[in-house]
Amino acid sequence: MLREAVEFVHARHPGLVVEARSADGPRARVLVEQGADAALLVVGAKRLNVAEQLFTVSPLGVTLTAHAGCPVVVAREPEHAVDEPPLVVVGVDGSANSRDAMAFAFEEAAVSGARLRAVMVRYLHRERAVGGERADVENRSRTELSEATAGWREKYPEVEVDYRVRYGHPARALAHTAANARCLVVGSRGLGGFRGMLLGSVSHVLLHQATCPLIVVPPREGIAAY
């Protein structure tokens with residue numbers, strides 16, 4: 001399998017240096033250890049039905065995004081349909097963790113020549129959605145998005161950036177917005193995701209529902225021990 005994997009890569013990227021390595025032990029622990037000094041840790045994931053999502057205990061992607069010390073890429077589809085020009089989507093919630101994700105997303109967009117879409121997801125009571133509150137929430141959110149990207153827009157002036165405010169559950173709204181994106185970037189608290197949300201309710205849902213590659217960026221201050 002390792003030999004086939006190396007041949008697969010060389011056929012598509014002949015100049016890339018590839019090292020094949022086998023290791024013994026629990027796969028999540030081994031991958032976390034192997035990725036300790038890595039720039040990225042990349043794994044595949046199969047699509048689960050609703051019952052499997054509810055009853056599958058600690059799938060690999062969930063464990064890695066909670067414990068790996070580097071950004072984790074979970075690629076679900078081998079030939080994902082990407083918009084042209086390509087689009088990188090980043091989730092923003094104003095926390096330090098989403099700022100780390102923003103830094104990664106800008107660099108990824110610059111390297112790949114992609115546009116960047118910064119998305120903030122808000123919850124809005126249905127009875128208030130028709131009033132002036134929605135406009136207020138929209139304006140405040142766009143201001144926060146502009147402030148969150150300000151320094152990075154100066155550092156990467158070649159990256160085209162737009163802002164989107166979505167409503168509802170953060171994971172589902174982000175997955176829908178990034179349906180045909182090159183990738184979706186979110187921050188992680190090690191054992192959590194968006195502010196006030198646990199891994200199981202946001203990152204876990206994105207691992208199952210995001211159709212594009214999902215990149216979970218860990219906090220700079222460290223991660224939870226495996």
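Visitor: Which residue is the bridge partner of Val73 in β7?
Guide: Ile215 is the partner of Val73 there. This is a predicted model: local features need pLDDT of at least 70, side-chain atom pairs count only at pLDDT 80 or more, and totals for chains, interfaces and linings use all residues. Numbering starts from 1 along each chain as its sequence is written, and side-chain values use heavy atoms, with hydrogens and water left out.

Visitor: In what sense do β2 and β7 pair, parallel or antiparallel?
Guide: Antiparallel, over three bridges. Strand β7 covers residues 214-217. Pairing requires at least two bridges found by DSSP.

Visitor: And β1 with β2, parallel or antiparallel?
Guide: β1 and β2 pair in the parallel sense. Four bridges join β1, residues 41-44, to β2, residues 72-75.

Visitor: What is the bridge partner of Gly44 in β2?
Guide: Gly44 has Ala75 as its partner in β2.

Visitor: New topic. Where is Pro157?
Guide: Pro157 sits in the loop between α6 (132-155) and β5 (161-167). Helices (H or I, at least four residues) and strands (E, at least two) are DSSP runs, numbered from the N terminus.

Visitor: Is Pro157 buried or exposed?
Guide: Pro157 is exposed, because its relative accessible area is 64%. Exposed means over 50%, buried under 20%, partly exposed in between (1.4 Å probe, protein chains only).

Visitor: How many residues apart along the chain are Pro157 and Ala110?
Guide: Pro157 and Ala110 are 47 residues apart in the chain. Their C-alpha atoms are separated by 9.1 Å.
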